[in-house]
Amino acid sequence: MSERAVMLVQSVTKSLAAPDVAGASKEWNDAQRWDLFQRYISACIDADPLSYILKLADRINNMSTAPTVFKAHRLERYINETTYMISRVKDARRMYPQYEAIYESLKINLLQLLELAIHIQ
């Protein structure tokens, strides 16, 4: 694996991008988990222009099955997380305008999957 590929995987791995997120306990309340998730997404955006692209692509893959796999509470949290990730696309586009078309394409895909998940929920 190339050094670039290793760096990208590390930048979207919770334990490396935001170590305190990876250690989030199931006993933590929703507000604590939400704060950690927001910091994790910021770390992904700040790390590298392709890091957030990789994270969005991974979320598209996960959202394609989430409505049929996740329990109701987990799906609701995943929908909220995905909505937040979509809202941060604008920040990524501003930081990395050369990837604007890619970010927009991923955002459109996520919006469609999000709409389906909300409908199924």
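The following legends describe close-up views of a predicted model.

Figure 1. From the N terminus on, the order of elements is α-α-α-α-α-α-α-α-α. The chain comprises 121 residues, of which 35% are buried. Among contacts with a separation of 6 or more, 65% join residues 24 or more positions apart. The protein chain exposes about 7100 Å², and carbon and sulfur atoms contribute 55% of that area.

**Figure 2. Crossing of helix α4 with helix α5.** Helix α4 spans residues 30-47 and helix α5 spans residues 49-63; their axes come within 6 Å and cross at roughly 130 degrees. The two helices are therefore oblique to each other. On the α4 side, the contact is made by F37, Y40, I41, C44, I45 and A47. Helix α5 contributes S51, Y52, K55 and R59. By residue class, this contact consists of seven nonpolar, one polar and two charged residues.

**Figure 3. The largest nonpolar core of the protein chain.** This core contains 26 residues. Those with the most contacts inside the core are I41, Y52, L56, M63 and Y103. At least two core residues come from each of α4, α5, α7 (72-87), α8 (89-95) and α9 (100-120). In soluble globular proteins, nonpolar side chains tend to be buried together.

**Figure 4. Surroundings of M63.** M63 is among the residues with the most contacts inside the largest nonpolar core. When residues up to four places away in sequence are not counted, M63 touches Y78, T82, L110, L113, L114 and A117.

**Figure 5. The buried residue E81 in helix α7.** E81 is located in helix α7. Its relative accessible area is 10%, so E81 is classed as buried, the cut-off being under 20%. Apart from neighbours within four places in sequence, E81 is in contact with W34, F37, R59 and R74. Two of these partners, F37 and R59, also take part in the contact of α4 with α5.

**Figure 6. The partly exposed residue E100 in helix α9.** E100 lies in helix α9. With a relative accessibility of 40%, E100 counts as partly exposed, because that class lies between the limits of 20% and 50%. K90 is ten residues from E100 along the chain, and the C-alpha atoms of the pair are separated by 8.9 Å.

Conventions: Residues numbered from 1 in each chain as written. Predicted model: local features only at pLDDT ≥ 70, side-chain atom pairs only at ≥ 80, totals over all residues. Heavy atoms only, no water. Helix = DSSP H or I, 4+ residues; strand = E, 2+ residues; numbered from the N terminus. Buried < 20%, exposed > 50% of the residue type's maximum accessible area, 1.4 Å probe, protein only. Contact = heavy atoms within 4.5 Å. Areas by Shrake-Rupley, 256 points an atom, 1.4 Å probe, with all protein chains shown as cover. Axes fitted to C-alpha atoms, helices over the stretch in contact; angles between N-to-C directions. Parallel < 35°, antiparallel > 145°, perpendicular 65-115°, else oblique. Nonpolar A, V, L, I, M, F, W, Y, C, P; charged D, E, K, R; others polar. Core = buried A, V, L, I, M, F, W, Y, C linked by side-chain atoms within 4.5 Å.
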